[in-house]
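Here's a quick tour of a few spots worth a look.

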Amino acid sequence: MTKKIVVLGSLNMDIVVSAERNPAAGETIHGERVEYVSGGKGANQAVALHQLGADVQLLGSIGTDVFGDRIKEQLISFGLDPTYLQTVNDVATGIASITHVPGDNSIIVVAGANAKTNQHYIDQYRTVIQEADILLVQFEIPLETVRYALRVAKQANVITIVNPAPAQQLDQEFMKLVDYLTPNQTELATVLNKTYTLSEAFQVWRQQFDTQLIVTLGSDGAAYAENGEVVTVPAMDFGKVADTTGAGDAFNAGLVYGLSKDWSMYDCIAFAIKVSGLAVTTFGAQAGMPTLDKVNAYQ
């Protein structure tokens, strides 16, 4: 039976300015172009899962503006159901201002309507979460909403995956609601409130939490712990990088897809790395999300 996945998170319009390099402090430079691309971690992850063929439902909020309309149209074009999205009056749709330079990007997020994804909204659609098999969340909506949704999920025995981006420090009570946490190394340092080597971080993690930790390592792949040992799953060379904006979202979608198929952790992460690696070869976070056929065809 196909498992039901719910993604709760942000929906943004990405305003992408491409340039040869980032400006220095106080410097003005010429950009090459500006593009408006539907994004937000919640929407990106839902699109990626749908492209892989998963049974996925997206929860989140948009405003009553042209960006909100465009985001909804984009989701429908990908085949996603917008039924449970919340449209918030008198609040702008969230945006992400992205400076895109060769091989990298920097991002400033303005929450907008995403800040209105609150506990009342979760209560409206709590049965959607309760009837799911897996809940995937991130931190571009209020942390207390995330906590509340995780509590609803755990009470219904739903598997919970948290992508802690943008990173925040998390308490023991919060971590008890999380089955899998998927930070990169910078985010992990924030969660632990200290920078460690990778092996030290996993050791400290085992002493503090029961949550399964999966750390993304960029071009070095990703790591997890098994039987007390750190296992690194290597990355692959997918060719020229066009846009890294949705790399983490693609990874999380690939991981959740593997979990929904009851694969081993190594196979889940190897698949997630492949999904992420293929995603960044195309410009635009959602446009770059690969289909299952494309992932399976890459050897």
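## A buried glutamate in a loop

Glutamate 140 sits in the loop that links strand S9 (134-138) to helix H5 (143-155). Bear in mind that this is a predicted model.

Setting aside neighbours within four places in sequence, the contacts of glutamate 140 include Asn12, Gly40, Val109, Asn114, Ala165 and Pro166.

## Helix H1, mostly tucked away

Lysine 41 also leads us into helix H1 (residues 41-51), where 9 of the 11 residues are buried, so the helix is largely enclosed by the rest of the structure. The buried set takes in Lys41, Gly42, Ala43, Asn44, Gln45, Ala46, Val47, Ala48 and Leu49. Just past the end of H1, glycine 53 adopts a positive phi of about 95°.

## Helix H7 and its cover

Helix H7 (residues 185-192) has its own buried residues: Glu187, Leu188, Ala189, Val191 and Leu192. What lies over them? The cover includes strand S11 (180-181), helix H8 (198-208) and strand S12 (212-216).

Both ends of H7 deserve a glance. At its start, a side-chain oxygen of asparagine 184 comes within 3.1 Å of the backbone nitrogen of threonine 186. Just after the helix, asparagine 193 has a positive phi of about 60°.

## Out on the surface

Val17, Val34 and Tyr36 together make a nonpolar surface patch of about 240 Å². Of these, valine 34 belongs to strand S3 (residues 33-39) and counts as partly exposed because its relative accessibility is 44%.

Aspartate 293, in helix H11 (residues 292-297), is exposed, with a relative accessible area of 62%. How far is aspartate 293 from glycine 228, in sequence and in space? The two are 65 residues apart along the chain and 35 Å apart from C-alpha to C-alpha.

Notes. Residues numbered from 1 in each chain as written. Predicted model: local features only at pLDDT ≥ 70, side-chain atom pairs only at ≥ 80, totals over all residues. Heavy atoms only, no water. Patch = residues over 30% accessible without salt bridge, like charges linked within 9 Å, V, L, I, M, F, W, Y side chains within 5 Å. Areas by Shrake-Rupley, 256 points an atom, 1.4 Å probe, with all protein chains shown as cover. Salt bridge = Lys/Arg side-chain N within 4 Å of Asp/Glu carboxyl O. Helix = DSSP H or I, 4+ residues; strand = E, 2+ residues; numbered from the N terminus. Buried < 20%, exposed > 50% of the residue type's maximum accessible area, 1.4 Å probe, protein only. Contact = heavy atoms within 4.5 Å. Polar contact = N/O pair within 3.5 Å; in protein donor to acceptor, adjacent residues only side chain to side chain.
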